[in-house]
Amino acid sequence: MAGFRQSAPARMDIAMVAHPSVTLFVDLSDGDGLVCDAHGRRECGSTVAGLVPGDLRLGGRAAGGIECLQIRLSPLLAVAVFGASADLSGTVVSLEDVWGRDAGRAEERLRAAASWDERFTIAADALGRRMSARPSLDPEVAAAWWLVLTSRGRVRVDSLANEVGWSRKRLWSRFRSQIGLTPKHAARLVRFDHAAHLLAAGDAAAKVAAASGYVDQAHLHREVKAFTGVTPTAVAAAPWLAIDDVAWPTSFADLTSSACPIRQVPTR
């Protein structure tokens, strides 16, 4: 989780980069300050962005500024919180549409909280209650997802099927129905995410292509365009990527350097 605040009432318009997670944007502004737009579909207020939503932009304006609690859920947790996430993939939906009346109640509690730490606690409690009330996904699917993550997307579907003891066809079907992507598409997403962060760190595109397992720089360019609609140069300058390591630490050392891995990251 990360909390963001833009105090000035200026218009906000940020391009979001595809990430291997289902993302909640909880609007804590006065009124419907946030606007999520993906593939021409626009949602105001609190929203959920599924995996690979394409050209996703987060914008909005509110008289008192924008406040947003962003929560990233791995697809494994998203299944536990929302049920099978296939219907969320490639789109943006209202949080109320997938969470029902609990969405409004959670927003009210979060708005009334006195601090970001209190908000994080409230959100974690709300997510935990939903997880405990839903069945988990197949352990084979969970194992396959973690293999995709730990290999940074450089794993073949045949190898995944062998590792979990399923046929390729069964893995494809169960993984697609529960995670929302095919194993191959999930591997492409994870590999792209690794490459995007290397680009944001300042590495040259040719070096990133080699380090991420792409055939060449042209292959990297095609994949970046497929996931974002923009060039690797534009992805390298994406503001959201620049703060990822602060808002969502990825190494074990980062996680253990604080009593809590949840960070508050004000935008200004």
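In which strand is Ile71 found? I located Ile71 in strand S8, where strands (E, at least two residues) and helices (H or I, at least four) are DSSP runs numbered from the N terminus. I am working on a predicted model, in which local features need pLDDT of at least 70 and side-chain atom pairs count only at pLDDT 80 or more, while totals for chains, interfaces and linings use all residues. Residues are numbered from 1 along each chain as its sequence is written, and side-chain values use heavy atoms, with hydrogens and water left out.

**Entry 1, Ile71.** I looked up the accessibility and found 4% relative accessibility, so Ile71 counts as buried; buried means under 20% relative accessible area, exposed over 50%, and partly exposed in between, with a 1.4 Å probe and protein chains only. I also noted that the C-alpha atoms of Ile71 and Met1 are separated by 4.4 Å, although these two residues are 70 residues apart along the chain.

On a 1 Å grid over the protein atoms alone, a cavity is a set of points where a 1.4 Å probe fits but cannot get out, a pocket is an open set with protein on both sides within 12 Å along at least five of seven lines, and lining residues have an atom within 4 Å of a point. Grid points are joined across faces, edges and corners, and a volume is the space filled by probe spheres set on the points.

The largest cavity has a volume of about 120 Å³, and 16 residues line it, with Val17, Ala18, His19, Thr23 and Leu56 lying nearest its centre. Strand S3 (22-27) and strand S8 (66-73) each supply at least two residues of this lining. I sorted the lining of the largest cavity into 10 nonpolar, 5 polar and 1 charged residues, where Ala, Val, Leu, Ile, Met, Phe, Trp, Tyr, Cys and Pro count as nonpolar, Asp, Glu, Lys and Arg as charged, and the others, Gly among them, as polar.

By class, I find 11 nonpolar, no polar and 1 charged residues around the second largest cavity.

**Entry 3, second largest pocket.** What is the class make-up of the lining of the second largest pocket? I read 3 nonpolar, 1 polar and 7 charged residues, around a space of about 240 Å³. The lining includes Arg156, Asp158, Arg168, Lys184, Arg188, Arg191 and Glu223. Helix H6 (157-164) and helix H8 (183-200) each supply at least two residues, and H8 gives the most, with 4.

**Entry 4, the open sheet.** I traced an open sheet of 4 strands in the order S2-S7-S4-S5, with antiparallel pairing; two strands pair if DSSP finds at least two bridges between them. Strand S2 (12-16) and strand S5 (41-44) stand at the edges with a single partner strand each, so one side of each has no neighbour in the sheet.

S2 and S7 pair over 5 bridges, and Asp13 stands opposite Gly59 in S7. Strand S4 (residues 34-38) is likewise joined to strand S7 (residues 56-60) by 5 bridges, with Leu34 having Gly60 as its bridge partner. On S2, I noted a covered face of Met12, Ile14 and Met16, and an uncovered face of Asp13 and Ala15.

Is helix H1 enclosed or open? I found 7 of the 8 residues of H1 (residues 75-82) buried, so this helix is largely enclosed by the rest of the structure. Among the buried residues are Leu76, Val79 and Phe82. Gly83 follows H1, and its phi is positive, near 90 degrees.

Last, I examined Thr228, which lies in helix H10 (residues 217-228) and counts as buried because its relative accessibility is 9%. The side chain of Thr228 reaches the backbone oxygen of Val224 at 2.7 Å, and a polar atom of that side chain lies 3.1 Å from the backbone nitrogen of Val230.

Conventions:
Polar contact = N/O pair within 3.5 Å; in protein donor to acceptor, adjacent residues only side chain to side chain.
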